[in-house]
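Here's a walk through one protein model, written for someone who would rather look at residues than at tables. Have the structure open and follow along.

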Amino acid sequence: MEKKAIVAGETLIVTCPVAGYPIESIVWERDNRQLPINRKQKVFPNGTLIIENVERNSDQATYTCVAKNAEGYTARGTLEVQVMVVPILLPFEFGEEPADTNRTLPGVANFATFRDQVCLAQKQAQTELTELDKHRNIWTGLVQVVVLLVAGSWTDRAGALKPCILVPIAAQSLSLLYTMLCAVYMREIPLEASLLVADLMVAVCGGVPLLIAGIYSYLALATEPKDRTFRFACAAVSMVFFPVVANFFSGFLFKALGFIKLCLVCLVFCAASLLYGLFVLEEPKAQSGEDSATVECEKRPTEGGLRSLFDYRLVYDSVKVILRRRDFNKRSLLWLTLLAFFINFGALSDAGVAANLAISQFHWVTSFGIWRSYDLATTMLGTLLAMGVLSKRFGVSDAMVCVFSICFSMAAKPFMAYAVTHVVPNLYYVATSIDVFEGSKTIATKSLASKLVSENEIAKMLTLLGIVESLQGTVYPSLYSVVFLASQETVIGAVFWLSEGFLLLAFALYIVLYLLSRRSASEEAAAATGTAPTGPATQSSAKQGIDNPAVDITAL
């Protein structure tokens, strides 16, 4: 078949020139994929192919017609489709800088064609990164799970929380140095090696989940139970404050400094954090005298230094926290809390795809950093409002804070789906303004879990939450990547509707968690009222590890 030329915006109609009898089937293929692959394409049994509203970037390609008879013999013919763009005369402009379509570059004959090629390359790069994310998140997540299983119990045995905070920061510093090396030798080092090795460096040392678990464990031991939820919120806001500023200026700094110098700036901040942790930060002390004694009893000799990290019993010690029997149905509450925490990340995992869509659909560069800063700032303010007013001022339970936050998240997702489908960038800001309480769910869940265990189990419990956070990295990013790749040509906002489904499931789980928590608290209050402090109920609680006065999750 001869080359077919068509003007962009028109409808392509072509029939496969097949002869012979009997013909069982006639199909059309493109890149070894049978058509149709999107809504614009239609294939009829007589071999006619119709493509509506032809576009240069998506429809210009080589198409193959395949005819097959009843005995299984096939015949193939190829058709090259060339899409021509109608010339457009733009209005004259006399500003300081001409419009993109009027620009000229040395060695580029047609800037518009060059721009189209760059846009196509950007789309292809996004697809390649999404494909790579499906695999690297699984490996890094599994490595983090193994590290976190050991780290939580080792921390409780050794009575040292600082390593959980400082080791991930040191690993991030090494990862930055390796990333800079890959940037210098980007033509020699494959993309897979650049991303996977850098991520594994951080994952082997626990990564962000271990860092966050260490920080919250530190605060849990250094803070009275009644103030724990609010302190967790303050810590979360503090961790978000600097990224708000950094993201706002990230696009401008990238243009002014370049990638390598920008990595050097990040390296300076990592070094400052390490120095502060080594020479200023002190190990926390338990607030409760009884729990402090229990913690001391739990500590075991750690001869051999780092060799104790490879003791397989550390894994059992961490898992035992959710396996041991507890009074007032606390074990079931812990399991339900872990499940709700895992499902919650299913709703949060659309963030990476949302960022890629903002860059590709809206062509944001510096604007992306501004929107990201706005997102973090509103989340920070919403978290402070939810924890300071709902939790601390009005005493709303942690589970109900999560329900409150999910309601706003469910209202925001349709706006993001509409924004990327119809290319309306301002709706991203609208969705962010609605979903201001997004950060409250994670904080309230960690606070709830810390109140269900004794102080000598807090590090293990928060480490288990970190394990859940790492496990979700092996599931949800790959799931969202698969959904995005399958729907980018048809329903580009499908990832946000998937997130909406996880939000509905999380909403139901937190409602159940709230009801069970109230019943557990009522039973515990009734037992405390009807039994003396030295009675059987109190002794049973002590045996089961419920010696934390903060187990009453409805009181703050």
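What follows goes from the whole chain down to single residues.

## The big picture

First things first: this is a predicted model. It has 18 helices and eight strands. Of the 556 residues in the protein, 45% are buried. The protein exposes about 28,400 Å², and carbon and sulfur atoms supply 63% of that area.

The largest nonpolar core has 77 residues. If you want to find your way into this core, start with Tyr216, Leu357, Tyr428, Met461, Phe496 and Tyr510, which touch the most other members. Apart from it lies another core, this one of 17 residues, including Ile6, Ile26, Ala61 and Ala67.

## The disulfide and other cysteines

Searching the whole structure turns up one disulfide. Cysteine 16 and cysteine 65 are the partners, with 1.8 Å from S to S. The link is left-handed, at -100 degrees about the S-S bond. What does the pair tie together? Cysteine 16 sits in the loop between strand S2 (12-15) and strand S3 (23-30), while cysteine 65 belongs to strand S7 (residues 61-69), so the bond connects parts that are 49 residues apart in sequence.

Are the two partners buried or exposed? Cysteine 16 is buried because its relative accessible area, 10%, is under the 20% cut-off. Cysteine 65 is buried too, at 1% relative accessibility. Elsewhere in the chain, cysteine 164 is buried with a relative accessible area of 7%, and cysteine 182 is buried with 6%.

## Aromatic pairs

There are 14 aromatic pairs in the whole structure. One of them is phenylalanine 341 with phenylalanine 345, an edge-to-face pair with 4.9 Å centre to centre and 90 degrees between the planes. Both residues lie in helix H10 (residues 330-348), four residues apart, or about one turn of the helix. As a general point, an α-helix has 3.6 residues a turn, so residues three or four places apart point the same way. Both phenylalanine 341 and phenylalanine 345 are buried.

Next, look at tryptophan 371 and tyrosine 428: the ring centres are 5.1 Å apart and the planes stand at 45 degrees, so this pair counts as tilted. Tryptophan 371 is in helix H12 and tyrosine 428 is in helix H14 (residues 426-434), so the pair ties together parts that are 57 residues apart in sequence. Tryptophan 371 and tyrosine 428 are both buried. They also belong to one aromatic cluster, made up of Phe362, Trp364, Phe368, Trp371, Tyr374, Tyr428 and Tyr429.

## Helix H12 and what comes after

Just after H12, glycine 395 takes a positive phi of about 70 degrees.

## A buried glycine

Glycine 206 is found in the loop between helix H4 (191-204) and helix H5 (207-222). This glycine is buried, with a relative accessible area of 0%. Which residues does glycine 206 touch, leaving out those up to four places away in sequence? Gln144 and Val147. The C-alpha atom of glycine 206 is also 6.1 Å from that of proline 168, although the two residues are 38 residues apart along the chain.

Most residues other than glycine have a negative phi, and most peptide bonds are trans. With that in mind, here are some spots to check. A cis peptide bond joins leucine 35 and proline 36, with omega about 5 degrees. Proline 36 is in the loop between strand S4 (33-34) and strand S5 (41-43).

Phenylalanine 328 has a positive phi, near 60 degrees, and lies in the loop between helix H9 (313-323) and H10. Asparagine 329 has a positive phi as well, near 65 degrees, and is also in the loop between H9 and H10. Phenylalanine 328 is buried, with a relative accessible area of 18%, whereas asparagine 329 is partly exposed at 34% relative accessibility.

Notes. Residues numbered from 1 in each chain as written. Predicted model: local features only at pLDDT ≥ 70, side-chain atom pairs only at ≥ 80, totals over all residues. Heavy atoms only, no water. Helix = DSSP H or I, 4+ residues; strand = E, 2+ residues; numbered from the N terminus. Buried < 20%, exposed > 50% of the residue type's maximum accessible area, 1.4 Å probe, protein only. Areas by Shrake-Rupley, 256 points an atom, 1.4 Å probe, with all protein chains shown as cover. Core = buried A, V, L, I, M, F, W, Y, C linked by side-chain atoms within 4.5 Å. Disulfide = S-S within 2.5 Å. Contact = heavy atoms within 4.5 Å. Phe/Tyr/Trp six-rings, centres within 6.5 Å; stacked < 30°, edge-to-face > 60°.
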